[in-house]
Amino acid sequence: MFWLIVGLVLGAAIFWLATGGKIKLTWYEWVLGILGIILILFAIQNYGASQVELEAKAGGLLLLVFGLPGLIFAAIAGVLAFLRGKKETA
Amino acid sequence: MPENLTRREFIGELGKLGAAASLVPMVAAGESMETKAFSLGRPGWIKELDEPLTEVDWQQVARYNERHTTRRGFNLYVEQERIDQLGELSSELLSDNLKNDVPGYTLKDRALQRAARGGGASRQFFLDPEKVQGPDTWGVPKWTGTPEEASQLVSAAMRHMGAATVGFVELQTETTEKFIYSVDPDGKELRIEDVELPEETEEYRVIPKKARYAIVYTVQMSEETMARCPTVLGSLTTSLTYTRSQNIQERAQTFLNGLGYMGLAESSTNALGISPALGVYAGLGELSRYNRLLTPEYGPMVRVFKLLTDLPLAPTKPIDAGLYKFCHECKKCAEACPGKSLSFDDEPSWETRGGWNNPGHRAWFEDSVLCRFYQRTYTGTNCGLCFSACPFATKNLASFNRVRNYMAATVPAFDSTFKKMDDLLYTNFPLEFGKPQKDCEEWWTLNLPDYGIDTVQTVRETT
């Protein structure tokens with residue numbers, strides 16, 4: 001159920017960005033954003049599964065190793081798009 | 001085609017013609033109609049091979065006397081006086097640890113381990129367990145079908161009885177038949193003769209030549225329990241797996257008898273034949289640095305068992321899941337071995353370390369005497385650290401481990417990186433040499449699944 005909800009939310013967000021959104025992303029913002037989301041999802045899956053596996057340390061490290069770069073990529077994509085949008089409206 | 005057919009008979013005859021026509025291209029192309037291999041339905045990146053990656057020189061392989069292993073023949077390699085001293089040391093250690101409430105050796109740990117080893121009905125027979133009701137008593141002919149159907153049938157039945165993975169080897173006189181021991185653990189000679197029925201006397205057991213098919217199966221151990229080795233608690237999962245296998249074995253014999261075929265099995269623990277070798281040839285796994293079977297589904301967390309039958313079965317093929325190659329780089333089991341009994345060599349060798357190894361194949365042979373010395377002096381029970389330290393001794397819920405399994409099979413260049421990541425993720429720092437990886441007292445508070453194992457794991461891999 002968790003992954004179904006995540007999929008629906010992400011699908012809706014991507015659809016909005018690709019079609020009706022005010023912000024038009026450049027190709028490299030798309031690449032950075034999708035890479036970031038994949039890494040974040042991978043980190044979340046590994047963290048949750050490691051808790052079930054009773055491997056808390058591994059879960060925490062996997063969250064850090066994959067989640068942090070994922071957040072950075074997604075943040076760069078978001079900041080770039082925001083700054084560009086601000087510049088265009090100014 | 002006969003005349004005056006009913007509509008049903010006419011359609012039946014058409015079917016026969018169709019079947020014959022479908023064979024024509026095969027015969028024209030020169031294809032033989034030999035038994036096809038049976039597949040375990042694994043992911044595509046696990047390659048099936050005609051020969052295993054472990055090299056074998058069949059000229060040098062002879063049927064091995066099980067009593068030459070250190071399990072049964074320790075006195076062949078060590079003086080009896082020393083063995084007696086080790087026995088006393090072992091007993092003292094167990095007694096002191098029990099009285100001092102050492103975690104993993106407390107009264108509750110001892111009681112549970114004893115229950116796993118000896119509690120419940122655990123019987124083992126070479127011959128059929130009893131006069132089983134079968135086709136004769138039910139007034140029907142014995143079951144017949146293609147070898148592929150037979151393999152499917154036996155696999156489904158045995159997995160439902162508790163086996164994790166099931167594979168099949170057709171024994172060949174000059175090759176794989178040599179994996180059957182010449183002498184069983186109880187000293188009885190194992191004879192393979194051209195006779196109709198098996199036989200057992202005080203001195204020997206007779207395997208009819210027609211019992212050509214080895215059914216090889218794994219039974220899962222608990223990673224979480226094995227992480228508490230080397231203690232009495234940690235050895236619990238090994239004991240429990242052996243007793244579970246006895247239960248599966250007797251049921252498998254009864255099933256085969258019920259179909260109208262013989263089922264010849266292990267008369268005692270580790271009897272009948274060499275389990276890792278049969279496991280490798282049945283494609284259940286690959287031979288590892290710790291010189292045991294390493295499986296793609298459960299890593300080292302299995303024990304391997306076998307029985308023989310005259311029911312024609314389609315063989316399963318040896319595999320390359322990248323595990324044998326991974327062992328070249330990894331060496332983690334050897335690093336964790338407190339007895340210094342495992343090899344650090346980069347490449348496997350044809351040279352054995354002693355009479356407890358059977359020669360004729362290229363492997364990382366272990367020093368079994370050192371292993372037993374350590375166990376008896378420092379643990380008082382099984383060790384198992386080589387099993388628990390293995391990077392593949394993980395549950396495969398976390399995607400990272402599934403990515404590692406895939407990468408090990410397809411891009412071996414990353415093997416050493418994955419080993420280092422395993423050190424970081426799953427090894428406690430600082431590594432307490434010869435000590436359990438996880439807290440023994442905590443084990444009693446965990447809500448572990450049945451037998452401490454994940455029985456859905458194989459289903460997940462095969463769907």
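1. In chain B, residue B:F168 stands opposite B:I215, which belongs to strand β6(B). The model is predicted: local features need pLDDT of at least 70, side-chain atom pairs count only at pLDDT 80 or more, and totals for chains, interfaces and linings use all residues. Residues are numbered from 1 along each chain as its sequence is written, chains are lettered from A and ligands numbered from 1 in the order in which they are written, and side-chain values use heavy atoms, with hydrogens and water left out.

2. The pairing of strand β6(B) deserves attention. Strand β2 (residues 166-170) of chain B is joined to β6(B) by five bridges, and the two run antiparallel. Strand β10 (residues 302-309) of chain B also pairs with β6(B) in the antiparallel sense, over eight bridges. Within β10(B), B:T309 is the bridge partner of B:Y213. Strands (E, at least two residues) and helices (H or I, at least four residues) are DSSP runs, numbered from the N terminus; two strands pair if DSSP finds at least two bridges between them.

3. Is strand β6(B) buried or exposed? Eight of the eight residues of β6 (residues 213-220) of chain B are buried, so the strand is largely enclosed by the rest of the structure. One side carries B:Y213, B:I215, B:Y217 and B:V219, the other B:A214, B:V216, B:T218 and B:Q220, and all are buried, which leaves both faces covered. Buried means under 20% relative accessible area, exposed over 50%, and partly exposed in between (1.4 Å probe, protein chains only).

4. Chain B also contains an open sheet of three strands, in the order β3-β5-β4, with mixed pairing. Its edge strands are β3 (189-193) and β4 (199-200) of chain B, each of which pairs on one side only. Strand β4(B) is joined by two bridges to β5 (residues 204-208) of chain B, and these strands run antiparallel. Here B:E200 stands opposite B:R205 in β5(B).

5. The next topic is salt bridges. Side chains of opposite charge can pair when their charged atoms come close. Over all chains, the structure holds 30 salt bridges (a side-chain nitrogen of Lys or Arg within 4 Å of a carboxyl oxygen of Asp or Glu). One of them joins B:E441 and B:K108, with the closest N and O atoms 3.1 Å apart. This pair links distant parts of the chain, 333 residues apart: B:E441 is in helix α16 (residues 440-443) of chain B and B:K108 in helix α4 (residues 107-118) of chain B. B:E441 is partly exposed, with a relative accessible area of 32%, and B:K108 counts as partly exposed at 34% relative accessibility.

6. A further salt bridge is formed by B:K395 and B:E224, whose closest N and O atoms are 2.8 Å apart. Distant parts of the chain are again linked, 171 residues apart: B:K395 lies in the loop between α13 (385-389) and α14 (399-410) of chain B, and B:E224 in helix α7 (residues 223-226) of chain B. B:K395 counts as buried at 16% relative accessibility, and B:E224 is buried with a relative accessible area of 2%.

7. The side chains of B:K306 and B:E266 meet in a salt bridge (3.4 Å, N to O). B:K306 lies in β10 of chain B and B:E266 in the loop between β7 (263-264) and α9 (275-281) of chain B, so the pair ties together parts that are 40 residues apart in sequence. At 2% relative accessibility, B:K306 counts as buried; B:E266 counts as buried, at 2% relative accessibility. Elsewhere, salt bridges that share partners join A:E55, B:E224, B:R228, B:K395, B:K438 and B:E442 into one network.

8. Which residues form the nonpolar patch on the surface? They are A:W27, A:Y28, A:V31, A:L64, A:V65, A:L68, A:I72, A:I76 and A:L80, with about 850 Å² of accessible area together. Patch residues have over 30% relative accessible area and no salt bridge; nonpolar side chains (Val, Leu, Ile, Met, Phe, Trp, Tyr) are joined within 5 Å, and like charges within 9 Å. Accessible areas come from the Shrake-Rupley method with a 1.4 Å probe, and for residues only the protein chains shown count as cover. Helices α2 (27-52) and α3 (56-89) of chain A each supply at least two residues, and α3(A) gives the most, with six. A:V31 is placed in helix α2 of chain A and is partly exposed, with a relative accessible area of 49%.

9. A negative surface patch is formed by B:E79, B:E81, B:D84, B:E88, B:E92 and B:D96. Asp and Glu count as negative and Lys and Arg as positive, while His and the chain ends are not counted; the place of a charge is taken as CG of Asp, CD of Glu, NZ of Lys or CZ of Arg. B:E79 is found in the loop between α2 (70-73) and α3 (80-99) of chain B, and it counts as exposed at 61% relative accessibility.
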